[in-house]
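Please find below my notes on the model, arranged as numbered points. They are meant to be read beside the coordinates.

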Amino acid sequence: MSGTLRISICDPDETTRENLKRYLIGMDQIWLEADCSRYEFFAEIVSQTTPEIAIIDIDSDDEKAMQLVESISKTHPSIGIIVVSSRTDGQMILRAMRAGAREFLNSPIQIDELVGALDRVAANTDGKQRSNAGNIIAVAGASGGVGNTSIAVNLAVALATNPDRSVVLIDLDLALGDADVFLDMIPDYTLLDVAQNISRLDLALLRKSLTKHESGVYLLPRPVQIEDMSAISNEDLKRVIGLLKASFTHLIIDCSKSYSRLDITALESANSIVLLTQLDLPCLRNVVRLLSSLETYDDVNDKIKIVVNRVGLDKMQISSTKAEETIDRDIFWRIPNNYPVISECRNNGVPLLENAKNAAITQSICELAEKLSGDFEDEEGKSSKKDRMSWLKFLGK
Ligand SMILES: Nc1ncnc2c1ncn2[C@@H]1O[C@H](COP(=O)(O)OP(=O)(O)O)[C@@H](O)[C@H]1O
Ligand SMILES: [Mg+2]
């Protein structure tokens, strides 16, 4: 059971208890240790089962329930307690926190909030590190047509070759995104559908709403109608990312070039940002402008990796050394130019790995994928994430 998060729940109300159970049972790497309908019995059950997390709904009798929270937090300080209540007053939240709760969830429980709370509590629980949550790679570009979608799609496919990973590609180019064309897919649901229905989705439904490519990559495409792009709020996107992050080991986001509030949210939530450029003056000038503008957002700049696309495109290209001097940054990776191969793949809607496995461009993207995967020890010697699966991965993926 290593890597599994063991949870016990207590809620005298059958309806809300069953609802919570349904959510938890739908999550991979969650083990429901016990479900209890009586506050009086739960302390004993917890002593016997010693779960990592205890979820207590306090609405049936908040006095009794608060005493229970207090007693468990004293006797088992390592157990992360999550209190659930339909009451939202600050006093109640404060009481729960003072009694020893680590998280307070409002009922009816929203799946993404539950996932977020489990994630945070697990992060502080002995032996479970938050690093098993999804690794987000945002692909941004310094100019139109720089290769965002080509690289995002093929990075996702390269990552998905490892069966231990679960990869979702999100098309955030809400007006003109074409990730679906690159993969020759006609998905049933879009980012808009998921955003609008997030409060009704459980993980099994979310999984059904995403279309899976034969490479293993799940795709969440842009809305169908251009006018629908304004219907996705920043909050919506944060919730969608939060849920996907808890459900997949890798999220690849194909950002738009408008650097809208939504793009910035994607950049802020990313673990690493691929900033694609070509070796020409307009692109490099935009890199400088972007680095300067993005400085205003917390840690965004530190996560940026400059990736040069289409190296060798023509003799007039600026040299790498000169480019690094201009942007005052090291180039993280170089992807060679190969228009015939990449355009054929795009026109046929097949990934590079399927059509041109041995081409230098494909190998380069695969190596970049491994470097960004977060699976290996980084330069600072942070621990390896290899084999650490997202504990909220969908069942059966
Ligand atoms: N490494 C590359 N070599 C040759 N052509 C490329 C390369 N990367 C992208 N392209 C081409 O550049 C064009 C724009 O690519 P695309 O991925 O749609 O860019 P964006 O998403 O930034 O608009 C496409 O015709 C694509 O085939
Ligand atoms: Mg694109």
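1. For the residue classes used here, Ala, Val, Leu, Ile, Met, Phe, Trp, Tyr, Cys and Pro count as nonpolar, Asp, Glu, Lys and Arg as charged, and the others, Gly among them, as polar. By these classes, the shell around ligand 1 holds five nonpolar, eleven polar and two charged residues.

2. This is a predicted model, in which local features need pLDDT of at least 70 and side-chain atom pairs count only at pLDDT 80 or more, while totals for chains, interfaces and linings use all residues. Residues are numbered from 1 along each chain as its sequence is written, and chains are lettered from A and ligands numbered from 1 in the order in which they are written.

3. The protein chain has 17 helices and 13 strands, where helices (H or I, at least four residues) and strands (E, at least two) are DSSP runs numbered from the N terminus. The C-alpha trace spans about 80 × 40 × 40 Å along its principal axes. A compact globule of 397 residues would have a radius of gyration near 21 Å, and the 23 Å of the protein chain agrees with this; the radius is taken over C-alpha atoms, and the globule rule is 2.2 Å times the number of residues to the power 0.38.

4. Ligand 1 is surrounded by 18 residues, the closest being Gly147, Asn148, Thr149, Ser150 and Tyr339; a residue is near a molecule if its C-beta atom, placed from the backbone, lies within 6 Å of it. Helix H6 (148–159), strand S12 (304–311) and helix H15 (339–348) each supply at least two residues of this shell, and H15 gives the most, with four residues.

5. The chain is divided into domain 1 (5–131) and domain 2 (134–372), with bounds that come from an automatic or database domain assignment. Their centres, taken over C-alpha atoms, are separated by 37 Å. Ten residues of domain 1 are in contact with ten residues of domain 2, contact meaning that the C-beta atoms of two residues, placed from the backbone, lie within 7 Å. On the side of domain 1 that touches domain 2, helix H1 (14–25) and helix H5 (111–123) are the elements that give two or more residues, and H5 gives the most, with five residues.

6. Of the 397 residues, 46% count as buried; a residue is buried if 20 or more other C-beta atoms lie within 10 Å of its own, exposed if 12 or fewer, and partly exposed in between, with C-beta atoms placed from the backbone. The largest nonpolar core has 119 residues, and those with the most contacts inside it are Val139 and Leu155; such a core is a set of buried Ala, Val, Leu, Ile, Met, Phe, Trp, Tyr and Cys residues joined through C-beta atoms within 7 Å. H6 gives the most to this core, with eight residues. Because domain 1 and domain 2 both give residues to this core, it lies between them.

7. Some backbone details deserve a check. The peptide bond from serine 107 to proline 108 is cis, with omega near 0°, and proline 108 lies in the loop between strand S5 (103–106) and H5. Threonine 50 has a positive phi, near 35°, in a residue other than glycine, and is found in the loop between helix H2 (39–49) and strand S3 (53–57). Threonine 50 counts as partly exposed because it has 14 C-beta neighbours inside 10 Å.
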